[in-house]
2 protein chains.
Amino acid sequence: MKILILGADGYLGWPTCMYFSDLGHDVYALDNFSKRKIELEFGINSLSQNYNIVQRIEEWNKNIKKKINFYNCDLLNHRNLYSILERVRPDAIVHYAEQPSAPYSMHSREAAVFTQYNNVIGNLNLLFGIKKYCPNTHLIKLGTMGEYGTPNIDIEEGWLNIEHKGRKERILYPKKPGSFYHLSKVHDSNNIEFATRNWKIRCTDLNQGVVYGIETEQTKKNEKFFNTSFHYDDIFGTVINRFIAQAVKKKNLTVYGSGNQRRAFLNIQDTLNCVRISAENPPQEGEFRVFNQYTEQFSIDELADIVISAAKSNGIQIKKEKLKNPRTEMEKHYYNPKNESLIKLGLKPISFNETLASQMISKVLKYSEEIHEKFFKPKVKWVE
Amino acid sequence: MKILILGADGYLGWPTCMYFSDLGHDVYALDNFSKRKIELEFGINSLSQNYNIVQRIEEWNKNIKKKINFYNCDLLNHRNLYSILERVRPDAIVHYAEQPSAPYSMHSREAAVFTQYNNVIGNLNLLFGIKKYCPNTHLIKLGTMGEYGTPNIDIEEGWLNIEHKGRKERILYPKKPGSFYHLSKVHDSNNIEFATRNWKIRCTDLNQGVVYGIETEQTKKNEKFFNTSFHYDDIFGTVINRFIAQAVKKKNLTVYGSGNQRRAFLNIQDTLNCVRISAENPPQEGEFRVFNQYTEQFSIDELADIVISAAKSNGIQIKKEKLKNPRTEMEKHYYNPKNESLIKLGLKPISFNETLASQMISKVLKYSEEIHEKFFKPKVKWVE
């Protein structure tokens, strides 16, 4: 399969490139380094990544028949994107190439505008490029479970059958996003759904839970070279990864608000499995298919408790510390998202538990000196 | 009331300025002439408008105590917008300032991108400006009935109470927009709903039907100066206005597809009434209120029949001519949109009928020489 991976330098993009390469596919990797620029803006760093993507690919390609190809391309530059689509004509496109941080999108007008401009217009360019150069390709678009918010009804997978005054309709599942970032993903989904309907292109929209983890089968092959980025900061860090970093620094785990907020999670290795399963089972022509891509649910409090126990077994004594919630979100809510589709197609979920948290702590301990405590504190407030 | 009218040079913007000025309000008019630029691009013209907005305002201000103020401002230029919001601190903002054509948005990648960039980012800038300079203002945002598409259930006013597996939720009414233009309005509504929730600003989103008509109480005061724009072309022309122009040129009325498509309509004078009623009855702090702003429903076929009869009474013999539908839309569908809210608040609808169509024909006959038949034909196809 010829697979084009957009956002190949990211936390998930890079492991996805190696994973599909390992499976023998032709991998075309693309990035514009916009996340690196935001790192520079906030003076933050990923842990554990010593080499840039060109160096990593060079090293990877030494031991593989089908080389990974890299393109420096911004989706906002449609001519550049078009020329790549024309040359590659991929069978599948995995689209991670979006500004991925909710706090960043709430930081300022500039950041909100960049987020929606970059994500929505980049994705529009991609849709027009697909229509023009590879209308049969399978677009695998990364969305997030956060788009749904916390509705009082079960969260179905993308579509909902409703009855209203005795008449029936199938609707896109109603979303209640909680940041300009999450909104950008909703806008994307609406644009893509129209494109599938109007131009008969095919798409799988993956509403992904919060990803955690630092290792995949491929990063382990050569940690020094192949590690992916690992953020513990308030801009790009996801909650489990931050808790692990806090534990490593023997700091209390900062829980925003009550800690009763429930969210959906999955291991980074499961992200790779889900994307592969989607790619191996493309939707029909004109189909807008949505999968909820997560494996487990936890409240933030429950996660903190698991990491605290894991820290204890590593000889680290820490506890929870509640902070005023910087976000606007419900702290007590119903939460019942469905995720049968990927399980039915063969996903075997990895569980987050004390053992796994303990392994993560051991691994991150090696990078302890690189962790700066000042980045644990949330800087961005939803309302100021 | 200090009222800021965005998109003041447009078909609805200009009559709205005069209307609120006549009612004794302080009117601040803003435009960036982006629609004029699209007219130039396609070589099209509005009928019946001899003077530009600066000249029209000069003439209008001769006979009025509270002068209309005009600003040349692009919402994409947030510094310019901010300085106006800071100076004016309006009580209400009527937001028409968006690329308003569905066919234009489907013309090319460039046009789709311009539409979503201009509309979504302009509106985002406005939201940030409101938060900063006039958080209590009442944002009156123009959306369209077209955002809803043609669902198999009743179209409620913006929100829908649903029950799913025994649990209840109130959701934003699910929309199925049929063009990148309509999508831009859906994106706006989603962004605004979040802003009302997060920042507690207040908004009325007016999902407006297709507007027709050429006269308001104010244009009649001095037709030469105060006429608003009237488009009959395939880019900006709405269906009734185009039928009237076709009748005036003794041309058959071109119906796209079966003609069974039902849509919601209102007279331009009723647009003014609806906007006034909304402004006089602001929503609560933090409320995202939606009104369906239309007065009547017709199928395209029914409209053609009315105009054909009206033409006959003016001695013009024409008939219907079916064209292959350039749009992707359902041609046979359920359609039952609600519009009680504005009626309850006092709207007294004007009806479209043979008499009214006949009056429109008489008026447009004066501009017959300015009408170019080549613009009757749809140039833009949804799928090519």
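So, is Lys165(B) buried or exposed? Lys165(B) counts as exposed, because it has 8 C-beta neighbours inside 10 Å; the cut-offs are 20 or more other C-beta atoms within 10 Å for buried, 12 or fewer for exposed, partly exposed in between, with C-beta atoms placed from the backbone. A quick word on the source: this is a predicted model, so local features need pLDDT of at least 70 and side-chain atom pairs count only at pLDDT 80 or more, while totals for chains, interfaces and linings use all residues. Residues are numbered from 1 along each chain as its sequence is written, and chains are lettered from A and ligands numbered from 1 in the order in which they are written.

Back to that lysine. Lys165(B) sits in the loop between β6 and β7 of chain B, and has a positive phi of about 50 degrees without being a glycine. (Helices are DSSP runs of H or I, at least four residues, strands runs of E, at least two, numbered from the N terminus.)

Now the contact between the chains. Chain B puts in 37 residues and chain A puts in 37 residues, where contact means C-beta atoms, placed from the backbone, within 7 Å. On the chain B side, α6(B) gives the most, with 10 residues.

Last stop, α1 of chain B, residues 13-22. Nine of its 10 residues are buried, among them Trp14(B), Tyr19(B) and Phe20(B). The buried residues of α1(B) pack against elements including β1, β2 and α10 of chain B. Just after α1(B) comes Gly24(B), with a positive phi of about 95 degrees.

Technical notes. Contact = placed C-beta atoms within 7 Å.
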